[in-house]
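Subject: Structure handover

Hello,

Please find the structure below. Notes on charged and aromatic side chains follow.

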Amino acid sequence: MGLYRQPASVAAHPRRIVLVRFEGRHQLPFPDPALVERYYGTWFGLETRARIRVVDQLRVTIGAEGQHHPVATLEGSEVGQDDVPLPNGSYLAEEHPYTLGAVYGLAEASAARWFRAIGGARVDVYGSFGAVVVPRGVVVLEPVTGGVLKLMGGGAFRAPSVYEQ
């Protein structure tokens with residue numbers, strides 16, 4: 001009967017709203033004429049999560065994130081000595097705005113003071129190429145006071161850049 005000592009609870013974590021603009025410039029001095037690549041981007045998004053204590057030994061975290069990238073541009077051109085693009089010197093002009101959404105969930109179970117198991121997954125859905133599922137799992141052992149052993153496993157994913165799409 002110790003499993004239900006306290007009622008379940010929900011804790012909402014801070015929500016985050018982001019607006020980011022960036023511009024990058026990279027100049028390659030060789031070959032001749034020099035090459036300049038410019039990166040432009042603007043994105044905004046929001047994120048929220050909640051942590052739910054179902055019982056003392058079981059906690060669940062759920063969350064969601066959304067992003068929109070209305071500007072995602074990569075340009076490359078040959079430039080003269082005055083750093084002005086040369087006529088017909090463009091070799092790269094990619095513009096790929098995109099949107100993504102994600103949801104995730106984690107369950108953390110504590111069977112004993114010295115043992116915890118955590119498992120979950122994140123699903124990212126990209127408007128440009130579809131959904132990607134990334135699972136994760138952790139076993140945490142505390143065999144002695146002050147000692148922790150973690151066994152972790154899961155997947156990983158890196159979204160392609162504007163140039164790679």
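A salt bridge here is a side-chain nitrogen of Lys or Arg within 4 Å of a carboxyl oxygen of Asp or Glu. This is a predicted model, so local features need pLDDT of at least 70 and side-chain atom pairs count only at pLDDT 80 or more, while totals for chains, interfaces and linings use all residues. Residues are numbered from 1 along each chain as its sequence is written, and side-chain values use heavy atoms, with hydrogens and water left out.

The structure holds six salt bridges. In one of them, arginine 53 pairs with aspartate 56, with the closest N and O atoms 3.7 Å apart. Both residues are buried (under 20% relative accessible area; exposed is over 50%, partly exposed in between; 1.4 Å probe, protein chains only).

Arginine 59 and glutamate 108 form another, at 2.8 Å from N to O. This pair links strand 4 (residues 58-79) to strand 6 (residues 98-112), 49 residues apart in the chain; strands are DSSP runs of E, at least two residues, numbered from the N terminus. Arg59 and Glu108 also belong to a salt-bridge network with Arg51 and Arg116.

A search of the whole structure finds four aromatic pairs (Phe, Tyr or Trp rings, the six-membered one for Trp, with centres within 6.5 Å; planes under 30 degrees apart are stacked, over 60 edge-to-face, the rest tilted). The rings of tyrosine 126 and phenylalanine 129 have centres 4.8 Å apart and planes at 15°, so they are stacked. Tyr126 and Phe129 form one aromatic cluster with Phe157.

Regards

Technical notes
Helices (H or I, at least four residues) and strands (E, at least two) are DSSP runs, numbered from the N terminus.
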